[in-house]
Amino acid sequence: MKKQMHHPDYHPVVFQDASTGKSFLTRSTVTSDRTVEWEDGGTYPLLVVDVTSDSHPFWTGAQRVMDTAGRVEKFERRYGKRKAL
């Protein structure tokens with residue numbers, strides 16, 4: 001790291017999923033006025049976020065599968081089939 005350059009403070013932070021309540025400890029440059037005592041006995045800044053891998057549909061398996069064949073048929077009904085050149 002360059003001595004003349006100011007680097008952001010990179011420190012441990014606890015992120016908590018707002019919908020599931022699951023928390024995880026990682027490192028980040030974000031700050032927060034809220035704190036939480038972690039399993040190791042340390043007190044860390046707490047950031048409550050809307051979505052994490054614990055609640056995101058892609059990671060939980062609740063993601064909807066798009067029906068591509070149905071989308072094509074709907075498009076063709078609306079705009080007609082393309083004529084061959």
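Reader: Which order do the strands of the sheet come in?
Author: The open sheet has 4 strands in the order β2-β1-β4-β3, with mixed pairing. Strands here are DSSP runs of E with at least two residues, helices are runs of H or I with at least four, and both are numbered from the N terminus. Two strands pair if DSSP finds at least two bridges between them.

Reader: And which are the edge strands?
Author: β2 (23-28) and β3 (35-37), each of which pairs on one side only. From one strand to the next, the twist averages 45 degrees, using axes fitted as lines to C-alpha atoms (for helices over the stretch in contact) and angles from 0 to 180 degrees between N-to-C directions.

Reader: Before I go on, what kind of model is this?
Author: It is a predicted model: local features need pLDDT of at least 70, side-chain atom pairs count only at pLDDT 80 or more, and totals for chains, interfaces and linings use all residues. Residues are numbered from 1 along each chain as its sequence is written, and side-chain values use heavy atoms, leaving out hydrogens and water.

Reader: Thanks! How many bridges join β1 to β2?
Author: 6 bridges, and β1 (residues 11-17) runs antiparallel to β2. Across that pairing, Phe15 stands opposite Phe24.

Reader: Now the rings. How many aromatic pairs are there?
Author: The structure holds 2, where rings of Phe, Tyr and Trp (its six-membered ring) pair if their centres lie within 6.5 Å; planes under 30 degrees apart are stacked, over 60 edge-to-face, and the rest tilted. Phe15 and Phe24 are stacked, because their centres are 5.7 Å apart and their planes at 20 degrees.

Reader: Is Phe15 buried or exposed?
Author: Buried, at 14% relative accessibility, while Phe24 is partly exposed at 34%. Buried means under 20% relative accessible area, exposed over 50%, and partly exposed in between (1.4 Å probe, protein chains only).

Reader: What about Phe75 and Tyr79?
Author: They make a tilted pair, 4.9 Å centre to centre with 45 degrees between the planes. Both sit in helix α2 (residues 68-79), 4 residues apart, about one turn of the helix. Phe75 is exposed at 51%, and Tyr79 is exposed at 57%.

Reader: Switching topic: where is Thr52?
Author: In the loop between β4 (43-49) and α1 (57-60). Thr52 is buried, at 11% relative accessibility.

Reader: Which side chain does Thr52 have a polar contact with?
Author: That of Asp17, at 2.6 Å. A polar contact is a pair of N or O atoms within 3.5 Å; within protein, one must be able to donate a hydrogen and the other to accept it, and residues adjacent in sequence count only if both atoms are side-chain atoms.
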